[in-house]
Amino acid sequence: MSRVIARCEQLATITDSPGSITRIYLSPAYMQGLALVAEWMQQAGMTTWVDAAGNQWGRFACANPDAPTLIIGSHLDTVPNAGKFDGILGVVTGIEVVERLVQTGKTLPFHLEVVGFGDEEGLRFEASMLGSRAAIGKWEDALLELTDAQGMTLEKALLECGLNPHDYPKADRSKDNLLGFWEVHMEQGPVLEVENLPVGVVSAIAGARRFKVMVEGEFGHAGTVPMMLRQDALAATAEIILMIEKNAQIHGLVATVGHIKAYPNAVNVIPGMVEFTVDIRSDDDALREKVMNLMFHSSEAISMQRGLDIYWKEYHWAPARACHVDFRQLFEQSISEQKVHVKTLVSGAGHDAMNMASITDIGMIFVRCKGGISHNPAESVEPEDADLAVETVLLALDKLAICYLEKQGVTP
Ligand SMILES: [Zn+2]
């Protein structure tokens, strides 16, 4: 049995709601999970601490105190009724890597840290990735006033976990001498499974824009208003949704209308107003802007033709983040050395690495998962795939050490 998988299984037994896996950011189970992870980190030979934002850190220091630090990690919080691997896999993989280095007596010319971030899922405080946001120095006092559904502030939640909320500047790693951030994550999609590959190299994390769209027409009686005289907002929306789908297909990106509400939503009333959301993602920001503009204009044309008004309101924007080409090459070489075909793919989902990209270079490896399922108890990762990911990181570390020493003018 793979120790990585066994540890993911063990962590899954720590939950806020018995019978399912739930460890929401700063909940009792979340903090209990950190304690177990800290224990593993210490067993592996790391010094550990929890920062002011509730992130769990472990450090495997090298001999030279002035050397830079490579961080490996992912997140330890979960969605409600989660699976065992989303986020957790990357943290446990990092610990396993250190344990293997120590067992084999290997040293590195740089420090290695493993991090388990909190709040990647962003479910509690109407903000997302608070953990890695603290690490990149993007917390401010106003954040502490955010409240959860029970009205508890982030400040109080941190205090209840025994953390000092006002210490958050100490969690900021942006001024540190960092070599990079590596994240191993389950794919959360079906590509690797379809291609029968255990791991893949992430080229970039897709950027995303999200909009709330409102279509305004005329309410009317379903029996008395002739078809020619209607301004049916729902029928117009149907046409707009198909236009969005078609544009995404033609231009090779992803766009989704995932939420829709028709008013008054009654069987015998012509819908006079509709609200829906649009989520559009691509690793190519310029392409996404171009397609987005096409969608704006087409939706306006459709609305005008039908005598309706349409309003787009953006509420989320994140640029694409490329993984560093050097890290990609290290991973690609390490994978092909293990006689595995190298597959490069874009991450459609957001990850902590996205935040970390603003303070250091990032690299990501995806691990195959069953059926592309995530955020669900059915999440499944094969032990051999997890072990291959560990081996890939170890090989890549060897190569990074050589590159690093070469750059320092030291011949290994
Ligand atoms: Zn995740």
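Which residue meets R210 in a salt bridge between side chains? The partner is D279. The close-ups below come from a predicted model.

**Figure 1. D279 and R210 form a salt bridge between two strands.** The N to O distance is 2.8 Å. D279 sits in strand β12, residues 273-282. R210 sits in strand β7, residues 207-216. R210 is partly exposed, at 28%. A separate network of salt bridges with shared partners joins R209, D285, R288, E289 and E314.

**Figure 2. E99 and R3 join two helices through a salt bridge.** Their side chains meet at 3.2 Å, N to O. E99 belongs to helix α3, residues 88-103. R3 belongs to helix α1, residues 3-12. The pair therefore ties together parts that are 96 residues apart in sequence. E99 counts as buried, with 9% relative accessibility. R3 counts as partly exposed, with 30%.

**Figure 3. E9 and K84 pair a helix with a loop.** The salt bridge between these side chains spans 3.3 Å, N to O. E9 lies in helix α1. K84 lies in the loop between β3 (69-75) and α3. Parts that are 75 residues apart in sequence are thus tied together by this pair. E9 is partly exposed, at 31% relative accessibility. K84 is partly exposed too, with a relative accessible area of 28%. Across the whole structure, the search finds 23 salt bridges.

**Figure 4. K343 is a buried lysine in a loop.** The loop runs between α9 (325-337) and β15 (344-347). The relative accessible area of K343 is 19%; the cut-off for buried is under 20%, so K343 counts as buried. Which residues does K343 contact, leaving aside its neighbours within four places in sequence? They are V191, L192, E195, L197, G200 and V201. For one of these, L197, the C-alpha atom lies 7.8 Å from that of K343. L197 and K343 are 146 residues apart along the chain. With E195, K343 makes a polar contact between side chains, at 3.1 Å.

**Figure 5. Domain 1 meets domain 2.** Domain 1 covers 3-205 and 320-408. Domain 2 covers 207-318. Over C-alpha atoms, the domain centres are 37 Å apart. Eight residues from domain 1 and six residues from domain 2 take part in the contact.

**Figure 6. The domain interface in close-up: area, polar contacts and residue classes.** About 460 Å² is buried between domain 1 and domain 2. Carbon and sulfur atoms give 54% of that area. On the side of domain 1 that touches domain 2, six residues are nonpolar and two are polar. No charged residue is found on that side. How many salt bridges are counted between domain 1 and domain 2? The count is zero. Polar contacts do occur across this interface, with three residue pairs found, both residues at pLDDT 80 or more.

Definitions and conventions. Residues numbered from 1 in each chain as written. Predicted model: local features only at pLDDT ≥ 70, side-chain atom pairs only at ≥ 80, totals over all residues. Heavy atoms only, no water. Domains from an automatic or database assignment. Contact = heavy atoms within 4.5 Å. Buried area = accessible area lost by both parts, 1.4 Å probe. Salt bridge = Lys/Arg side-chain N within 4 Å of Asp/Glu carboxyl O. Polar contact = N/O pair within 3.5 Å; in protein donor to acceptor, adjacent residues only side chain to side chain. Nonpolar A, V, L, I, M, F, W, Y, C, P; charged D, E, K, R; others polar. Helix = DSSP H or I, 4+ residues; strand = E, 2+ residues; numbered from the N terminus. Buried < 20%, exposed > 50% of the residue type's maximum accessible area, 1.4 Å probe, protein only.
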